[in-house]
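Visitor: Hello! I am new to this structure, and I would like to learn how to read it. Could we go through it together?

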Amino acid sequence: MAGETEYLRLDGDTITVVVAVVPGEYADLVYLGPKLDAHEQLHALHRSGLYGAHESQPDSPPVGGLLPEPKHGDAGPVAVAVRDGAQRVPTDFRPMRHEADGRKLAIALEDAATGLQAQIEWSIEAGDAVRAQMALANDGDVPIAVDRLAALALPVPRRFDEAITYAGRWAAEMQEHRAAIGPRGFVSRSRRGKPGFDGGNWLMLCDGNDDAVIGAHLCWSGDYDTVLESDADGRAMLVIGPALEGGEIVLTPGERFETQAAVFAYAEDRTALGQLFHRHLREEVLPGRAGWGPRKVHLNSWEALAFDMDEAKLIALADDAADLGVERFVLDDGWFAGRRNDRTSLGDWEVSRDVLPNGLDPLIDYVEARGMDFGLWVEPEMVSPDSDLYRAHPDWCLHEEGRERRTQRHQLVLDLTRAAVSDYLFERIDALLGAHRIAYLKWDHNRDLFPAANADGPAGYAQTLGLYRLLDRLRAAHPAVEIESCASGGGRVDLGILSRCNRIWASDSNDAIERLRIVRSWAQFLPLEVIGNHVGPSPNPITGRRLSMDFRAKVAMFGHMGVEADPGSMTDGERKALRAHIALYKSWRDVLHGGVLVRLDHPDQGVSALLSLAGNRGLALAAQTRVAATYDVAPVRMAGLDPDARYRVTLPEPWPRKAMRYLANHESWREGHVLSGRALVERGIALPLAHPETAWLVALERTDG
Ligand code: DGJ
């Protein structure tokens with residue numbers, strides 16, 4: 001019997017969430033949107049949003065609500081699916097108890113037939129991000145396998161009719177796609193043991209008029225399932241959760257399973273949504289963010305030397321790095337055991353005497369004497385079949401007994417669910433960090449998990465938990481060491497890993513045109529300070545594209561800047577330009593990394609522009625990627641400024657050489673123009689952006705004088 005409907009209301013700084021609970025029946029979303037007046041009548045809000053039954057619908061139309069199941073005629077995506085042995089067990093969860101305190105709600109549901117208890121929790125956290133989680137407890141008397149338990153089931157508010165999703169591949173991450181949700185929606189899943197290059201566990205829902213957007217994400221570094229379905233009745237349901245199929249999660253009587261969290265946020269536009277996510281990361285997710293110092297300029301050895309390294313070459317590279325103003329020297333792959341190519345030695349984490357006959361310390365001393373700190377590449381989760389580790393412990397990798405162990409990049413995956421494996425890795429990395437002054441680890445992961453199984457059966461979920469345990473243990477033992485999450489570039493970028501890391505490697509492609517797009521996509525959710533963004537070589541080794549140093553360096557400034565190229569093979573002019581941009585980055589990084597990021601729109605689709613604002617200062621990047629249709633490209637219009645404030649606008653040098661002759665009144669731009677925020681937003685400034693591969697920086701300083 002249904003009890004009286006009760007309303008749970010959560011309020012953030014800018015949003016309100018209202019959930020209706022009909023005891024013994026269902027819990028459903030009534031409202032998700034801009035903050036409502038405290039006196040809003042929730043009963044009226046609920047009832048005025050209900051639809052009646054139509055022909056050819058069940059007489060009591062099913063309510064998927066916050067825990068959709070295949071029951072009562074609901075044919076939409078499901079949030080829970082369980083089995084008893086081989087038999088699928090139908091469930092019918094009914095809300096029994098609930099509580100809410102204005103920021104957090106919890107609803108306990110029960111399936112009478114199986115004795116399963118479900119728990120839904122939503123809480124509003126910093127940045128008005130709503131954190132959602134579900135749990136399932138087995139209070140029955142037979143083991144139950146969990147094939148599906150979503151972290152979040154979100155009945156999509158009806159105004160949202162489009163979805164922005166991502167696709168991608170190695171070195172071409174985060175390609176944005178926008179499509180109508182109806183008539184079918186979409187399915188996105190990963191079965192690689194990590195979210196993958198396509199950013200599939202990030203998405204947005206948009207209102208077709210572009211005046212409301214929801215961003216949603218699963219905070220999990222393993223496989224996921226996301227389903228967004230809209231039905232012929234007009235309802236849409238978004239279900240996000242970890243991938244569980246395969247019988248890995250079995251609850252014996254008395255056991256409980258809790259999903260990782262999903263987060264979602266509501267905002268009036270994409271800039272506002274980005275700012276909410278950035279605040280959420282800065283205040284809730286990134287470890288010890290408040291204590292982070294300035295993001296040091298990196299030089300990474302990979303594109304400069306790859307495996308062709310020795311002490312003399314590294315010393316020369318360190319000299320060149322210091323000369324450019326680099327602050328952290330990162331020794332990438334190739335420094336250990338017999339690792340002279342990618343076919344060998346993963347797992348043997350001992351310094352190679354062939355590469356560094358005197359060990360790591362003389363190199364670290366040299367680097368530090370030149371004012372830099374030292375970072376080291378590792379790929380702990382992997383093992384090469386050609387390694388001492390594998391020869392000693394062939395059973396330490398994920399594998400299925402009696403089946404071929406297929407490799408990717410000539411490597412296998414260590415079984416992190418085994419304590420002995422995890423202890424070995426901890427001991428090796430702990431020893432490196434304990435014996436040498438290493439300020440930073442680049443933690444790489446260069447293959448998919450197949451099979452995601454060990455002697456006990458499917459192990460993909462437990463493998464990711466094993467990674468978290470190892471990272472947590474290392475972080476606790478070495479809290480000052482920064483960690484970057486890299487998975488052949490941006491293959492593992494999520495808030496689960498970012499709660500344990502200081503930055504992500506956005507892509508293996510350092511092609512600045514690609515980077516403009518990739519960084520802009522990641523920056524929809526992540527603040528610039530965690531997005532590793534490096535100046536690569538020209539021609540670019542992946543795309544073959546040649547780009548000026550001016551363009552490459554300006555693009556790399558919008559992120560955590562670094563160099564991934566050999567300064568020794570640059571011209572004097574290129575080195576001079578790079579040095580100047582590194583100095584510029586240092587003088588602007590407080591604004592880039594502490595500010596609010598504004599996505600600037602431009603009518604020319606080839607122009608990509610971002611603005612970061614902090615305190616009285618702002619820095620924008622406006623970059624043209626292709627040939628403009630007209631000589632005079634429309635002015636670059638700012639956004640997010642106080643319309644009544646006055647700003648001095650300058651164009652920080654160096655300027656793009658090719659474009660300089662097209663800049664009208666260049667002397668006046670050195671001194672700057674004082675303009676109102678309104679003029680900068682409504683009219684903007686004229687920049688020469690007719691030619692491809694031209695980038696400008698625009699500096700704003702609030703004068704109010
Ligand atoms: C893949 C990474 O993304 C690269 O930056 C580099 O570290 C290589 N692995 C080294 O093997």
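Guide: Gladly! Keep in mind that this is a predicted model. Let us start with a pair of helices: α4 and α5 are roughly parallel to each other.

Visitor: How is such a pair of helices described?

Guide: Two packed helices are described by the angle between their axes and the distance between the axes. Here, the axes of α4 (residues 311–324) and α5 (residues 360–369) cross at roughly 15° and come within 10 Å. An angle under 35 degrees counts as roughly parallel, hence the description. The crossing of α4 and α5 is right-handed.

Visitor: Which residues of α4 and α5 meet?

Guide: From α4, look for E311, L314, I315, A318 and D319; they meet P362, L363, Y366 and V367 in α5. By class, this contact has 7 nonpolar and 2 charged residues, and no polar ones.

Visitor: Now the strands. How do I read the directions of side chains in β21?

Guide: In a regular strand the side chains alternate between the two faces of the sheet. In β21, A262, F264 and Y266 point one way, while V263, A265 and A267 point the other way.

Visitor: Are the residues of β21 buried or exposed?

Guide: In β21 (residues 262–267), 6 of the 6 residues are buried, so this strand is largely enclosed by the rest of the structure.

Visitor: Which strands pair with β21?

Guide: Strands of a sheet pair through backbone hydrogen bonds, either parallel or antiparallel. Strand β16 (residues 213–218) pairs with β21 in the antiparallel sense over 6 bridges, and H217 stands opposite V263 there. Strand β9 (residues 129–138) also runs antiparallel to β21, joined to it by 3 bridges; A132 has A262 as its bridge partner.

Visitor: What is the order of strands in the open sheet of 4 strands?

Guide: The order is β11-β18-β17-β14, with antiparallel pairing. At the edges stand β11 (152–155) and β14 (186–189), each with a single partner strand, so one side of each has no neighbour in the sheet. From one strand to the next, the twist averages 5°. Between β11 and β18 (residues 236–242) there are 4 bridges, and P155 stands opposite M237.

Visitor: Can we finish with a loop residue? Where does L641 lie?

Guide: L641 lies in the loop between β36 (617–624) and β37 (646–650). With a relative accessible area of 10%, L641 is buried. Leaving aside neighbours within four places in sequence, the contacts of L641 include L611, L613, Y647 and L700.

Note on methods: Residues are numbered from 1 along each chain as its sequence is written. This is a predicted model: local features need pLDDT of at least 70, side-chain atom pairs count only at pLDDT 80 or more; totals for chains, interfaces and linings use all residues. Side-chain values use heavy atoms; hydrogens and water are left out. Axes are lines fitted to C-alpha atoms, for helices over the stretch in contact, and angles run from 0 to 180 degrees between N-to-C directions. Helices (H or I, at least four residues) and strands (E, at least two) are DSSP runs, numbered from the N terminus. Angles under 35 degrees count as roughly parallel, over 145 as roughly antiparallel, 65 to 115 as roughly perpendicular and the rest as oblique. A crossing is left-handed if the near helix is turned anticlockwise from the far one by less than a right angle, and right-handed if clockwise. Contact means heavy atoms within 4.5 Å. Ala, Val, Leu, Ile, Met, Phe, Trp, Tyr, Cys and Pro count as nonpolar, Asp, Glu, Lys and Arg as charged, and the others, Gly among them, as polar. Buried means under 20% relative accessible area, exposed over 50%, partly exposed in between (1.4 Å probe, protein chains only). Two strands pair if DSSP finds at least two bridges between them.
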